[in-house]
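Biologist: Before any discussion begins, may the sequence and the structure be shown?

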Amino acid sequence: MKKQMILLLVAVLALAALCFAQSTTEHKMVAPEAIKWNLLWPGQEMAVLSGDPSKEGEPFVLRIKVAAGGKVPPHWHPMDEHLTVLKGSLYMGKGEKFDESAGHHMTVGSYIMMPKKVPHFVWTKEETIVQLHGIGPFKINWVNPADDPAKKAGSN
(Lines give C-alpha, C1' and ligand atoms only; values in the text may rest on other atoms or scores of the structure.)
Protein backbone atom coordinates (compact mmCIF):
# COMPACT_ATOMS: atom_id res chain seq x y z
CA MET A 1 0.00 0.00 0.00
CA LYS A 2 2.86 2.38 0.88
CA LYS A 3 4.52 1.63 -2.48
CA GLN A 4 1.26 2.44 -4.32
CA MET A 5 0.95 5.77 -2.46
CA ILE A 6 4.53 6.69 -3.39
CA LEU A 7 3.89 5.81 -7.04
CA LEU A 8 0.68 7.87 -7.01
CA LEU A 9 2.51 10.84 -5.45
CA VAL A 10 5.29 10.58 -8.07
CA ALA A 11 2.69 10.47 -10.87
CA VAL A 12 0.84 13.52 -9.47
CA LEU A 13 4.09 15.48 -9.11
CA ALA A 14 5.17 14.55 -12.65
CA LEU A 15 1.80 15.69 -14.03
CA ALA A 16 2.03 18.95 -12.07
CA ALA A 17 5.54 19.56 -13.39
CA LEU A 18 4.39 18.90 -16.96
CA CYS A 19 1.46 21.30 -16.60
CA PHE A 20 3.73 23.96 -15.09
CA ALA A 21 6.31 23.55 -17.85
CA GLN A 22 3.67 23.99 -20.55
CA SER A 23 1.81 26.86 -18.91
CA THR A 24 2.29 30.45 -19.87
CA THR A 25 1.98 33.65 -17.89
CA GLU A 26 -0.30 35.28 -20.43
CA HIS A 27 -3.75 34.34 -21.57
CA LYS A 28 -4.77 34.66 -25.20
CA MET A 29 -8.15 35.37 -26.72
CA VAL A 30 -8.69 35.51 -30.47
CA ALA A 31 -11.99 36.66 -31.96
CA PRO A 32 -12.89 35.07 -35.32
CA GLU A 33 -12.49 38.37 -37.17
CA ALA A 34 -8.96 38.77 -35.75
CA ILE A 35 -7.68 35.45 -37.11
CA LYS A 36 -4.81 35.97 -39.54
CA TRP A 37 -5.11 33.42 -42.34
CA ASN A 38 -2.08 32.50 -44.43
CA LEU A 39 -2.24 30.77 -47.79
CA LEU A 40 -0.83 27.24 -47.71
CA TRP A 41 -1.64 26.55 -51.35
CA PRO A 42 -4.58 27.49 -53.58
CA GLY A 43 -7.82 26.60 -51.82
CA GLN A 44 -6.31 26.08 -48.38
CA GLU A 45 -5.39 28.54 -45.65
CA MET A 46 -3.96 28.12 -42.16
CA ALA A 47 -3.89 30.28 -39.04
CA VAL A 48 -1.72 29.65 -35.99
CA LEU A 49 -3.76 30.43 -32.87
CA SER A 50 -1.18 29.45 -30.26
CA GLY A 51 2.23 27.89 -29.93
CA ASP A 52 4.78 27.29 -32.62
CA PRO A 53 3.90 24.20 -34.67
CA SER A 54 7.46 23.98 -36.02
CA LYS A 55 9.03 23.47 -32.57
CA GLU A 56 9.75 20.03 -31.17
CA GLY A 57 7.65 19.25 -28.09
CA GLU A 58 5.62 22.47 -28.18
CA PRO A 59 1.82 22.35 -27.95
CA PHE A 60 0.08 24.28 -30.73
CA VAL A 61 -3.39 25.10 -32.04
CA LEU A 62 -4.09 25.77 -35.73
CA ARG A 63 -7.15 26.46 -37.81
CA ILE A 64 -7.26 25.20 -41.37
CA LYS A 65 -9.73 26.46 -43.95
CA VAL A 66 -10.36 24.36 -47.05
CA ALA A 67 -12.38 25.75 -49.97
CA ALA A 68 -15.42 23.91 -51.34
CA GLY A 69 -14.20 21.05 -53.51
CA GLY A 70 -10.78 21.06 -51.85
CA LYS A 71 -8.72 17.89 -51.78
CA VAL A 72 -5.67 17.05 -49.71
CA PRO A 73 -3.78 14.06 -51.15
CA PRO A 74 -2.58 11.15 -48.99
CA HIS A 75 -0.10 12.31 -46.38
CA TRP A 76 0.99 11.67 -42.79
CA HIS A 77 2.32 13.63 -39.83
CA PRO A 78 5.12 12.84 -37.34
CA MET A 79 2.74 13.62 -34.45
CA ASP A 80 -0.79 12.69 -33.41
CA GLU A 81 -3.26 15.03 -35.12
CA HIS A 82 -6.36 16.12 -33.22
CA LEU A 83 -9.05 17.74 -35.40
CA THR A 84 -12.42 19.30 -34.60
CA VAL A 85 -14.75 20.35 -37.42
CA LEU A 86 -15.90 23.93 -36.75
CA LYS A 87 -17.63 24.83 -40.02
CA GLY A 88 -18.86 22.84 -43.01
CA SER A 89 -17.98 19.17 -43.16
CA LEU A 90 -14.87 17.17 -43.78
CA TYR A 91 -14.50 13.86 -45.56
CA MET A 92 -11.52 11.85 -44.36
CA GLY A 93 -10.13 8.46 -45.24
CA LYS A 94 -7.09 6.40 -44.29
CA GLY A 95 -4.69 4.92 -46.77
CA GLU A 96 -1.94 5.65 -49.24
CA LYS A 97 -4.31 6.14 -52.18
CA PHE A 98 -7.05 8.77 -52.48
CA ASP A 99 -10.24 6.71 -52.36
CA GLU A 100 -13.50 8.53 -51.63
CA SER A 101 -15.26 5.22 -50.98
CA ALA A 102 -12.98 4.77 -47.94
CA GLY A 103 -13.90 8.17 -46.48
CA HIS A 104 -15.99 9.18 -43.51
CA HIS A 105 -18.26 12.23 -43.47
CA MET A 106 -17.47 14.35 -40.41
CA THR A 107 -19.91 17.18 -39.65
CA VAL A 108 -19.66 20.25 -37.39
CA GLY A 109 -18.67 19.23 -33.88
CA SER A 110 -16.96 16.02 -35.00
CA TYR A 111 -13.61 15.12 -33.44
CA ILE A 112 -10.92 13.10 -35.19
CA MET A 113 -7.64 11.78 -33.76
CA MET A 114 -5.30 10.55 -36.45
CA PRO A 115 -2.27 8.77 -34.95
CA LYS A 116 1.19 9.80 -36.08
CA LYS A 117 2.51 8.24 -39.30
CA VAL A 118 -0.93 7.01 -40.43
CA PRO A 119 -1.47 7.95 -44.11
CA HIS A 120 -4.76 9.77 -44.66
CA PHE A 121 -6.48 12.12 -47.10
CA VAL A 122 -9.32 14.64 -46.94
CA TRP A 123 -11.75 16.47 -49.17
CA THR A 124 -14.61 18.92 -48.84
CA LYS A 125 -17.82 19.69 -50.69
CA GLU A 126 -18.29 23.08 -49.00
CA GLU A 127 -15.97 25.58 -47.33
CA THR A 128 -14.76 23.83 -44.19
CA ILE A 129 -12.82 25.01 -41.16
CA VAL A 130 -11.16 22.60 -38.76
CA GLN A 131 -9.21 23.25 -35.60
CA LEU A 132 -6.09 21.15 -35.23
CA HIS A 133 -4.02 20.75 -32.11
CA GLY A 134 -1.06 18.65 -31.20
CA ILE A 135 2.52 18.62 -29.97
CA GLY A 136 5.06 19.84 -32.51
CA PRO A 137 6.62 19.59 -34.85
CA PHE A 138 3.70 19.72 -37.27
CA LYS A 139 4.86 18.58 -40.70
CA ILE A 140 3.09 17.23 -43.75
CA ASN A 141 4.78 14.24 -45.35
CA TRP A 142 3.27 13.40 -48.73
CA VAL A 143 2.89 9.70 -49.56
CA ASN A 144 3.71 10.69 -53.14
CA PRO A 145 5.92 13.82 -53.06
CA ALA A 146 4.61 14.78 -56.52
CA ASP A 147 1.19 15.32 -54.89
CA ASP A 148 2.46 18.24 -52.79
CA PRO A 149 -0.03 21.02 -53.64
CA ALA A 150 2.55 23.73 -52.86
CA LYS A 151 4.86 22.31 -55.55
CA LYS A 152 1.99 21.97 -58.02
CA ALA A 153 1.10 25.65 -57.42
CA GLY A 154 4.75 26.64 -57.88
CA SER A 155 4.85 28.24 -54.42
CA ASN A 156 7.59 26.42 -52.52
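**Strand pairing and aromatic pairs**

Modeller: H82 stands opposite M113 in β8. This is a predicted model, in which local features need pLDDT of at least 70, side-chain atom pairs count only at pLDDT 80 or more, and totals for chains, interfaces and linings use all residues. Residues are numbered from 1 along each chain as its sequence is written, and side-chain values use heavy atoms, without hydrogens and water.

Biologist: What makes β5 and β8 a pair?

Modeller: Two strands pair if DSSP finds at least two bridges between them, a strand being a DSSP run of E of at least two residues, numbered from the N terminus. Strand β5 (residues 81–87) and β8 have four bridges, so they pair, in the antiparallel sense.

Biologist: Why is the pair of W41 and W142 called edge-to-face?

Modeller: Rings of Phe, Tyr and Trp (its six-membered ring) pair if their centres lie within 6.5 Å; planes under 30 degrees apart count as stacked, over 60 as edge-to-face and the rest as tilted. The centres of W41 and W142 are 5.7 Å apart and the planes stand at 65°, so the pair is edge-to-face.

Biologist: What makes the pair of Y91 and W123 stacked?

Modeller: Y91 and W123 have 15° between their planes and 5.3 Å from centre to centre, so the pair counts as stacked.

Biologist: How do you know whether W123 is buried or exposed?

Modeller: Buried means under 20% relative accessible area, exposed over 50%, and partly exposed in between (1.4 Å probe, protein chains only). W123 has 5% relative accessibility, so W123 counts as buried.
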